[in-house]
Each structure stands twice: as structure tokens, then as C-alpha cells.
Amino acid sequence: MQHHDPVAPHPGQRLTEAAVTVRGNAHAPYSGFAVGAAVEDGDGRIFAGCNVENAAYPEGTCAEAGAIAAMVAAGGRSLRRVVVCGGGPQPCFPCGGCRQKIREFAAASVEIDMVDPQGKILARRTLGELLPDGFGPENL
Ligand code: THU
């Protein structure tokens, strides 16, 4: 019989905490819409990113893009799980471009949680639900 340490975070909680925490570093003075994202790679490593806006508005980058870039820079090439934290109470779903960026490294079954700043799950979707019939590396 396995006993769980009541103090240890349950699976997924560390990832959610990373997304919530990094949102505090978002640079979003133009939209006022701060976003944090965290990804877990195939080795269980966690990477976080926030949106970074720019005075030249279209040059801003999304939180998901930052988290994925950090994973790739560390050698990670597969996404096991994704959490996106917006301001709530509406879930912050990844934009179309970020769905494609996730697609590059994730199977259709990978779950993406949209959480509020308290870490409450507002919506949960698989990548396949967010990007049906997506075009990916295997299609080349
Ligand atoms: N944004 C993200 O970073 N991730 C999302 O999932 C949705 C939108 C950012 C882009 C921009 O800095 C701000 O939120 C408003 O669109």
C-alpha cells in the first residue's frame, strides 16, 4: 500500500504554481492583460514563460511561446502538459499561433489547463480539441 505525503504537491500542482507565479512577471503595459504559462517536458522538467509586450505592438510575445522557448533552449523536445494562467474569471485559451507552437511538441492527447490566479482550473482541453486536424511535423 502506497502512502502519499500530505505535504507533497499533487501531480500538476507544481506546474500550476509555476504558471501562476510567472504571470506576476508579465510585461503587459499595453493590453493590461498578464498571462503566465508553464510546460512540463518529457523528463518532468518545468519551464515557465510570461507575455512580453512591446511599444511596437505586434512585436509582443505570448506566455506560451516563452515557456516553449525556454524548454527548447534547455534541450526539451516534448510537451507532456501545459497550464495557462490568465486573470480570470474567463479561461485564457491559447491563441491560434500558440496552439500551433504547442502542436510542434505535443501529442493530440496532451492536456492544457486554463487556470485563474488562484490556480483554480477554469477549463481543461486536449490539444486535439483546441487544434483539430492540426498540421505537425509528421505531416511533412
Ligand atoms: N496572450 C498570451 O500571452 N497568451 C494567451 O494565451 C492569450 C494572449 C497575451 C498576448 C498579449 O500580450 C495579451 O495576452 C493580450 O492579447
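**Close-ups of a predicted model**

View 1. At 30% relative accessibility, C62 counts as partly exposed (buried means under 20% relative accessible area, exposed over 50%, and partly exposed in between, using a 1.4 Å probe and protein chains only). This is a predicted model, where local features need pLDDT of at least 70 and side-chain atom pairs count only at pLDDT 80 or more, while totals for chains, interfaces and linings use all residues. Residues are numbered from 1 along each chain as its sequence is written, and side-chain values use heavy atoms, with hydrogens and water left out. You'll find C62 in the loop between β2 and α2 (helices are DSSP runs of H or I with at least four residues, strands are runs of E with at least two, and both are numbered from the N terminus). An unreviewed UniProt entry puts C62, C95 and C98 under "binding site" (UniProt positions follow the numbering used here, feature names are shortened, and annotations may be inferred rather than shown by experiment). These three are spread over 37 residues of sequence but cluster in space, with a largest C-alpha distance of 8.5 Å.

**View 2. The shell around the ligand.** Who surrounds the ligand? The neighbours are S31, F33, V35, N51, E53, C62, A63, E64, C92, F93, P94 and C95 (a residue is near a molecule if one of its heavy atoms lies within 4 Å of it). Sorted by class, that shell holds 8 nonpolar, 2 polar and 2 charged residues (Ala, Val, Leu, Ile, Met, Phe, Trp, Tyr, Cys and Pro count as nonpolar, Asp, Glu, Lys and Arg as charged, and the others, Gly among them, as polar).

View 3. A polar side-chain atom of E53 lies 2.5 Å from an oxygen atom of the ligand. For N51, an N or O atom in the side chain is 3.0 Å from a ligand oxygen, and for F93 a polar backbone atom is 3.4 Å from one. Taken alone, the ligand exposes 370 Å², and the protein buries 77% of that (accessible areas come from the Shrake-Rupley method with a 1.4 Å probe; for residues, only the protein chains shown count as cover).

View 4. Are they buried or exposed? N51 is buried at 6% relative accessibility, and E53 is buried too, with a relative accessible area of 15%. The side chain of N51 also has a polar atom 3.0 Å from the backbone nitrogen of V35. According to an unreviewed UniProt entry, N51, V52, E53, N54, A55, A56 and Y57 carry the feature "binding site".

View 5. E64 belongs to helix α2 and, at 5% relative accessibility, counts as buried.

View 6. How many aromatic pairs does a search of the whole structure find? The search turns up 1 (rings of Phe, Tyr and Trp, with its six-membered ring, pair if their centres lie within 6.5 Å; planes under 30 degrees apart count as stacked, over 60 as edge-to-face and the rest as tilted). The ring centres of Y30 and Y57 are 5.4 Å apart and the planes meet at 45 degrees, so this pair is tilted. Y30 lies in the loop between α1 (13-23) and β1 (36-41) and Y57 in the loop between β2 (46-50) and α2 (63-73), so the pair ties together parts 27 residues apart in sequence. Y30 is partly exposed at 43% relative accessibility, and Y57 is exposed at 60%.

View 7. R81 has its place in strand β3 (residues 79-85) and is buried, with a relative accessible area of 18%. Its side chain makes a polar contact of 3.2 Å with the side chain of E111 (a polar contact is a pair of N or O atoms within 3.5 Å; within protein, one must be able to donate a hydrogen and the other to accept it, and residues adjacent in sequence count only if both atoms are side-chain atoms). A polar contact of 3.3 Å also joins the side chains of R81 and D113. V83 is in strand β3 too, buried at 1% relative accessibility. From V83 to A37 is 46 residues in sequence but 5.6 Å in space, C-alpha to C-alpha.

View 8. Most residues other than glycine have a negative phi, and most peptide bonds are trans. A cis peptide bond joins G88 and P89, with omega about 5 degrees, and P89 is in the loop between β3 and α3 (96-103). D133 has a positive phi, near 55 degrees. D133 lies in the segment after α4 (127-130) and is exposed at 81% relative accessibility.
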